[in-house]
Amino acid sequence: MSHTPRKRFGQNFLHDHNIIYNIIASIQAKPDQHWVEIGPGQGALTEPLLNEKVRLDVVELDRDLVVLLREKFKQYPNLQIHSADALRFDFSSLANGDNKLRIIGNLPYNISTPLMFHLLDNAYCIEDMHFMLQKEVVDRICAAPGSKKYGRLSVMMQYYCLPELLFEVPPESFDPVPQVMSAIVRLVPHSQPPVTVNDMSKLNRVVTQAFSQRRKTLRNSLKKLIEEEEIVALGIDPTLRAENISLADFASLSNLLQE
Ligand code: SAH
């Protein structure tokens, strides 16, 4: 069976065996671990994972690929195929008992950010996640204060997890060849939040507001939300810009917000 890649499903199939080998080597899958693969496609990562004797659930949106996967992997009793949209899939329904989920996916780049936040809603049942993403997005997730790439995505992702860029993946590793460089990122959800945030929607509001005008000082960009004296009282210099303050600072600022 052959499958024509569909652009609307963000299909870029991995075909470089060295890259596939490097991914499998760096994730260290062990027998009986519970893995979830998002967007298995034609099974480039699915097959080596199954060979590690893990328990595997896969979530694939393209029904034609689901048919192909069912046929290709019918001899594997440890595989469960879900024909579903990962953005709406209830991942917590897969987790049972103490066995946390390990997540992996070469994600469609157009849905990668909402999908990561959807997964992080259930961070308590996730051991770790390994994703292939646009390198640009991985850089933004991992960026520290002071960097040009530091922004809303860095602060929000780092609240939930510890990110680490593992390695880059060049465009020629895929079919069809994407326009951009890719990279593998490891995300390990924190067992305890690294800072105290009373209300996540408030953190989101402060961070979004501060970075929506990233050239402005906090005094100006947060004017509508927080008084300058309140910023000073927290020990934060109000003449700094959003890109120069830490997650801990954003957390204290968010805890000042009224309803
Ligand atoms: N893992 C494969 C395929 C990567 S392409 C490989 O590395 O070769 C991305 C895959 O995600 C495709 O199979 C695509 O059909 C699937 N996909 C796209 N949107 C999805 C969604 N919302 N939920 C689940 N799968 C999706």
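How do the residues lining the largest cavity divide into nonpolar, polar and charged? They divide into 6 nonpolar, 3 polar and no charged. Welcome to this predicted model, in which the chain is assigned domain 1 (7–189) and domain 2 (200–254). Below is a friendly tour of the domains, then of the pockets and the cavity.

**The two domains**

- Let us start with the overall layout: the C-alpha centres of domain 1 and domain 2 are 33 Å apart.
- Where the domains meet, 12 residues of domain 1 make contact with 14 residues of domain 2.
- Together, domain 1 and domain 2 bury about 1,000 Å² between them, and 67% of this area is on carbon and sulfur atoms.

**The largest pocket**

- The largest pocket holds about 800 Å³ of space, and 40 residues line it.
- Sorted by class, the lining of the largest pocket has 22 nonpolar residues, 10 polar ones and 8 charged ones.

**The second largest pocket**

- About 220 Å³ of space lies in the second largest pocket.
- Its lining is made up of 13 residues, and those nearest the centre are Ala123, Tyr160, Pro189, His190 and Ser191.
- Two or more residues of this lining come from each of β6 (126–134), α6 (152–160) and β9 (182–189).
- By class, 8 residues in the lining of the second largest pocket are nonpolar, 3 are polar and 2 are charged.

**The cavity**

- Now back to the opening topic: the structure holds 1 cavity of 30 Å³ or more, and the space in the largest cavity is about 40 Å³.
- You can trace the lining of the largest cavity through Ile23, Leu45, Ile104, Gly105, Asn106, His130, Phe131, Met132 and Ile184.
- The elements giving two or more residues to this lining are β5 (101–106) and β6.
- β6 also gives two or more residues to the lining of the second largest pocket.

Notes
Residues numbered from 1 in each chain as written. Predicted model: local features only at pLDDT ≥ 70, side-chain atom pairs only at ≥ 80, totals over all residues. Heavy atoms only, no water. 1 Å grid on protein atoms, 1.4 Å probe; cavity = no way out; pocket = protein on both sides within 12 Å on 5 of 7 lines; lining within 4 Å. Points joined across faces, edges and corners; volume = space filled by probe spheres on them. Nonpolar A, V, L, I, M, F, W, Y, C, P; charged D, E, K, R; others polar. Helix = DSSP H or I, 4+ residues; strand = E, 2+ residues; numbered from the N terminus. Domains from an automatic or database assignment. Contact = heavy atoms within 4.5 Å. Buried area = accessible area lost by both parts, 1.4 Å probe.
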